[in-house]
Amino acid sequence: MKSVYFVVGARPQFIKAAPVLEAMKAFVNITVKLIHTGQHYDFNLSELFFQELNIPTPDYQLNCGSGTSVEQYVSILQKLSEILQKDKPDMLVVFGDTNSTGAASLCANLMRIKLAHVESGLREFDKNIPEEINKIVTDALSDLYFCPTQTAVDFLNKSNISGKIILSGDPVLDLLFANKSKFEDIKILEKFNLEKGKYIFATCHRQNNTNNRSALESILRIFAAAPLPVLFPLHPRTKKAIVEFDLSNYLEHTNIHIIEPIGFWETQSLIANCDKVLTDSGGVIKEAYFHGKYVIVLDKQTEWVEVINEERGFVCGPDFDLASKYLKHQITNEPLKHTLGKGDASKIISKGISDYLLGI
Ligand code: UD1
């Protein structure tokens, strides 16, 4: 019997891990355990996703919580190493690029435990972004690389890393391909007083934007001046920044409809029925692509280059004029190529883990 420990901690990782955990059930010779670092702890950022996506209760809760990147790394390294020391699993599986990912990868390496990374090989090429550091650390240390795109595979091949590289696609898209009925329901629009195709779905929480007053103000101005009402689920980091930077007047603006962070299926329904998407979230960029919605990227770059190359989005950063221009843009009529995944990523990933561990 082999044992694999999945480490998750933040909202995007619960979503990526859910279909892979389910797919691992087919491999009866592998024991799977789940560790939650506690990086996200609010109900709407954590427990809600466990409930909606039927993720089993974690076997271990580290309760590491918020803090600086250094504090989060130190706390995760300390608490995770105690578990790994005691249980000695054969492999750790990490997802994406959060501080939970980077810290768990480092811990696995220091404790000589094999490491698999889901969402390998992506880069934003800016070392000021904490997620970029987590990507670099994890890709430097992994043994098994699951890449969402061919671009990611090509990047790793050029990087001379040692390990096995597998093109898997993105497991979040598995959830979307398999559950279309869950976001075809438009009752949700009544809940938020919206009309199909007549609103913009927006998110903003990346540190480049929330730690910089002029970037954040520019983004709020984009929302206020948008040609359609903007529905804006507000991340706690952004909420704090808006208050600290004395920008709270935008929260009262008639074109900006603030709501609490929402769950996965409500988010998908709201993206599927909107006109366009404004976001700095990598996850939401992918989801907009899947739903065929034009996405205006409020960050200076994106790792999801396929979306831009296929002219399904544009990188505007917090630039008011550029974003206002692209809010009027019409999306291409070309059929979607589904270059980010075809709905079978979790099958490929679970088989890849099993083959690696069983030496196939
Ligand atoms: C993290 C990830 C980011 C991911 C995002 C999804 C890193 C470096 N960033 O960013 O890649 O897109 O998760 O949301 O790991 N907070 C709460 N409640 C919570 C969690 C956080 O109020 O449950 C507040 C705290 O004030 C905290 C701040 O949000 O300081 C930031 O949280 P943190 O987990 O550090 O990063 P995110 O911005 O969520």
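Tutor: Ile 256 is buried, because its relative accessible area is 5%, where buried means under 20%, exposed over 50% and partly exposed in between, computed with a 1.4 Å probe on protein chains only. The model is predicted, so local features need pLDDT of at least 70 and side-chain atom pairs count only at pLDDT 80 or more, while totals for chains, interfaces and linings use all residues. Residues are numbered from 1 along each chain as its sequence is written, and side-chain values use heavy atoms, with hydrogens and water left out.

Ile 256 belongs to strand 10, which covers residues 256-259; helices (H or I, at least four residues) and strands (E, at least two) are DSSP runs numbered from the N terminus. If residues up to four places away in sequence are not counted, Ile 256 touches Leu 220, Phe 223, Ala 224, Val 230, Phe 232, Tyr 250 and Leu 251, contact being heavy atoms within 4.5 Å. Pro 229 is 27 residues from Ile 256 in sequence, yet the C-alpha atoms of Ile 256 and Pro 229 are 6.2 Å apart in space.

Ala 17, in helix 1 (residues 11-24), also counts as buried, because its relative accessibility is 2%. Leaving aside neighbours within four places in sequence, Ala 17 is in contact with Phe 6, Val 8 and Phe 95. Between Ala 17 and Asp 126 there are 109 residues of separation in sequence, and their C-alpha atoms lie 26 Å apart.

Helix 1 also takes part in the second largest pocket, to whose lining it gives the most, with five residues; a pocket here is an open set of points on a 1 Å grid over the protein atoms alone, with protein on both sides within 12 Å along at least five of seven lines, and lining residues have an atom within 4 Å of a point. The lining of this pocket holds 22 residues, and those nearest the centre are Ala 18, Leu 21, Glu 22, Lys 25 and Pro 56. Strand 2 (30-36), like helix 1, supplies at least two residues of the lining.

Helix packing can be followed in helix 7 (residues 171-178) and helix 12 (residues 264-272), whose axes are 12 Å apart and meet at an angle of about 70 degrees; axes are lines fitted to C-alpha atoms, for helices over the stretch in contact, and angles run from 0 to 180 degrees between N-to-C directions. Helix 7 and helix 12 are therefore roughly perpendicular to each other, since angles under 35 degrees count as roughly parallel, over 145 as roughly antiparallel, 65 to 115 as roughly perpendicular and the rest as oblique. On the helix 7 side the contact is made by Val 172, Leu 175 and Leu 176, and on the helix 12 side by Phe 264, Trp 265 and Gln 268.

Two asparagines in loops complete the account. Asn 63 has a phi near 50 degrees, which is a positive value in a residue other than glycine, and its place is the loop between strand 3 (60-61) and helix 3 (69-87). Asn 63 is exposed, because its relative accessible area is 59%. Asn 193 has a positive phi of about 60 degrees, although it is not a glycine, and sits in the loop between helix 8 (187-191) and strand 8 (200-203). Asn 193 is exposed, with a relative accessible area of 71%.

Conventions
On a 1 Å grid over the protein atoms alone, a cavity is a set of points where a 1.4 Å probe fits but cannot get out, and a pocket is an open set with protein on both sides within 12 Å along at least five of seven lines; lining residues have an atom within 4 Å of a point.
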